[in-house]
Amino acid sequence: MLKHLFLSILLVNLFSGFAQRDYALSIVDSLCSPRYHGRGYVNEGDLKAAGFLVDEMKRLGVEAFPEQSYTQDYALSVNTFPHPISVALGGDTLEPGADYLVSPISGTAQGEFEVIELNSRSYFNTFNGNINFSKLDPSQTVFAFNFLDTLDKRFRQKMESLSYEVTRYFPSIYVTNEKQMYSVGRKQTNYPRISIDSAAYKTVDKAYISVTNKYIPSYYSRNVIGYIPGNKKKKYVVFTAHYDHLGRMGADTYFPGANDNASGVAMLLALAKYFKENPPKYSLVFCFFSGEEAGLLGSKYFVEHPYFQLKRVKMVINVDIMGGAGDGITVVNATKHKKQFDKMLKINDDWKLLPEIKKRGASANSDHHFFSEMGVPAFFIYSMGSVKNYHDIYDTAENTPLTNFDEVHDLLRRFVHKL
Ligand SMILES: [Zn+2]
């Protein structure tokens, strides 16, 4: 009896094309492991992840685009933190990522610093002649901006930008009670800026700071591109997902980027796996872009150096943040491409896949953007649900359940057949 039950479950899985989620979970797990260093520009994390993607496509039997290799290289400028970082207030060492973030455009500072705290009480005294700035030594002085006691929002914002501007002359600390998000820096300032969570901050006389940046004016990153020929060979549906993330902030802290966007990469690979076994009508191109977090750089480069005429593209489907679709998905550019969006809605209704498909207008917030700019019809799809970790150390494989992954997969493969 049990044996029969097992067999029938196995058969249902085989023939419905389901159970993509298990495969996707293993991909997310791999991409988020420390050996890819958060898929940024420290220790060649991006290039190592690119190697993983090429190997995986070869294993699935996905080809390189005719007369091209699997990879497309381009250069970018980037600021990185490959060396150990440390911040301590009055002898208490803070935890990087959890207690504080280093601004991605930070410069270098090392040693013990005298803290000059600026708050709504001390601010006016400080800037009304009580401090002779020219006498202060930037190797011994850090300004700590602590304006949480101020209700005036605009004044607080002004202080926030001042905490950046100051780093031309001094290191700075900025105290915040808002959610902190890391990003990729493309330039460097003279000194570091450290934003500290208010729960970890205390007023002290001395701070220890060790932050060393490495600015790389010309770093070579790469897009990874795969191809499955269809019956209509010279017409394309292009799937895109960025595989890069924020990399490392120091030797001990990295940003795994499971939801953003190992999950989208897993979706593309799972779709490639399906279409390899079920030949499509149009040729499919799978673009795994890097440089997205640095400003959509990989997709911009590809659109400027495409492997085929862009006018031959039926549709671009960009997926970014596929970590959990418990509440469904949102489609950017839905209002722009109503006909295609209605097709998607109909499939969802007919097959009862997702609880909701939300429509949205145009937005320059992911890799579909430069395709859209060139007049190529493009959707950007992201999941809606319980996964809220974003650009922080908590965006891990364990926190990324890939809820309704099979349903989204099902929706997309049916959608491609209907285009
Ligand atoms: Zn993303």
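Domain bounds in these legends come from an automatic or database domain assignment. The model is predicted: local features need pLDDT of at least 70, side-chain atom pairs count only at pLDDT 80 or more, and totals for chains, interfaces and linings use all residues. Residues are numbered from 1 along each chain as its sequence is written.

View 1. The assignment gives domain 1 as 17-80 + 217-418 and domain 2 as 86-211. A distance of 37 Å separates the C-alpha centres of domain 1 and domain 2. Two residues are in contact if their C-beta atoms, placed from the backbone, lie within 7 Å. On this criterion, 17 residues of domain 1 are in contact with 16 residues of domain 2. The side of domain 1 that touches domain 2 comprises seven nonpolar, seven polar and three charged residues. In this classification Ala, Val, Leu, Ile, Met, Phe, Trp, Tyr, Cys and Pro count as nonpolar, Asp, Glu, Lys and Arg as charged, and the others, Gly among them, as polar.

View 2. Helices (H or I, at least four residues) and strands (E, at least two) are DSSP runs, numbered from the N terminus. Two strands pair if DSSP finds at least two bridges between them. The strand order is 3-2-9-5-6-7-8-4, with mixed pairing. Strand 3 (92-93) and strand 4 (100-102) are the edge strands, each pairing on one side only.

**View 3. Strands 5, 6 and 7 within the sheet.** Strand 5 (residues 109-118) runs parallel to strand 6, and five bridges join the two. Strand 6 (residues 141-145) is in turn joined by three bridges to strand 7 (residues 172-176), again in parallel. Phenylalanine 145 of strand 6 is the bridge partner of leucine 118, and phenylalanine 145 also stands opposite tyrosine 174 in strand 7. A residue is buried if 20 or more other C-beta atoms lie within 10 Å of its own, exposed if 12 or fewer, and partly exposed in between, with C-beta atoms placed from the backbone. Four of the five residues of strand 6 are buried, so strand 6 is largely enclosed by the rest of the structure. In a regular strand the side chains alternate between the two faces of the sheet. For strand 7, both faces are covered: Ser172, Tyr174 and Thr176 are buried on one side, and Ile173 and Val175 on the other.

**View 4. The packing of helix 2 against helix 10.** Helix 2 (residues 20-31) and helix 10 (residues 405-418) pack at an angle of about 110 degrees, and their axes are 8 Å apart. Axes are lines fitted to C-alpha atoms, for helices over the stretch in contact, and angles run from 0 to 180 degrees between N-to-C directions. That angle makes helix 2 roughly perpendicular to helix 10. Angles under 35 degrees count as roughly parallel, over 145 as roughly antiparallel, 65 to 115 as roughly perpendicular and the rest as oblique. Helix 2 contributes Gln20, Arg21 and Ala24 to the contact, and helix 10 contributes Phe405, Asp406 and His409. By class, this contact has two nonpolar, two polar and two charged residues.

View 5. Asparagine 43 lies in the loop between helix 2 and helix 3 (45-60). Asparagine 43 is partly exposed, with 19 other C-beta atoms within 10 Å. Apart from neighbours within four places in sequence, asparagine 43 is in contact with His37 and Pro82. Asparagine 43 and glycine 247 are separated by 204 residues in sequence, yet their C-alpha atoms are 9.0 Å apart in space. Glutamate 44 is found in the loop between helix 2 and helix 3, and its phi is near 55 degrees, a positive value in a residue other than glycine. Glutamate 44 is partly exposed, with 16 other C-beta atoms within 10 Å.

View 6. Most residues other than glycine have a negative phi, and most peptide bonds are trans. Glutamate 67, in the loop between helix 3 and strand 1 (71-80), has a positive phi near 65 degrees. With 6 C-beta neighbours inside 10 Å, glutamate 67 counts as exposed. The peptide bond from aspartate 260 to asparagine 261 is cis, with omega near 5 degrees. Asparagine 261 belongs to helix 6 (residues 258-277).
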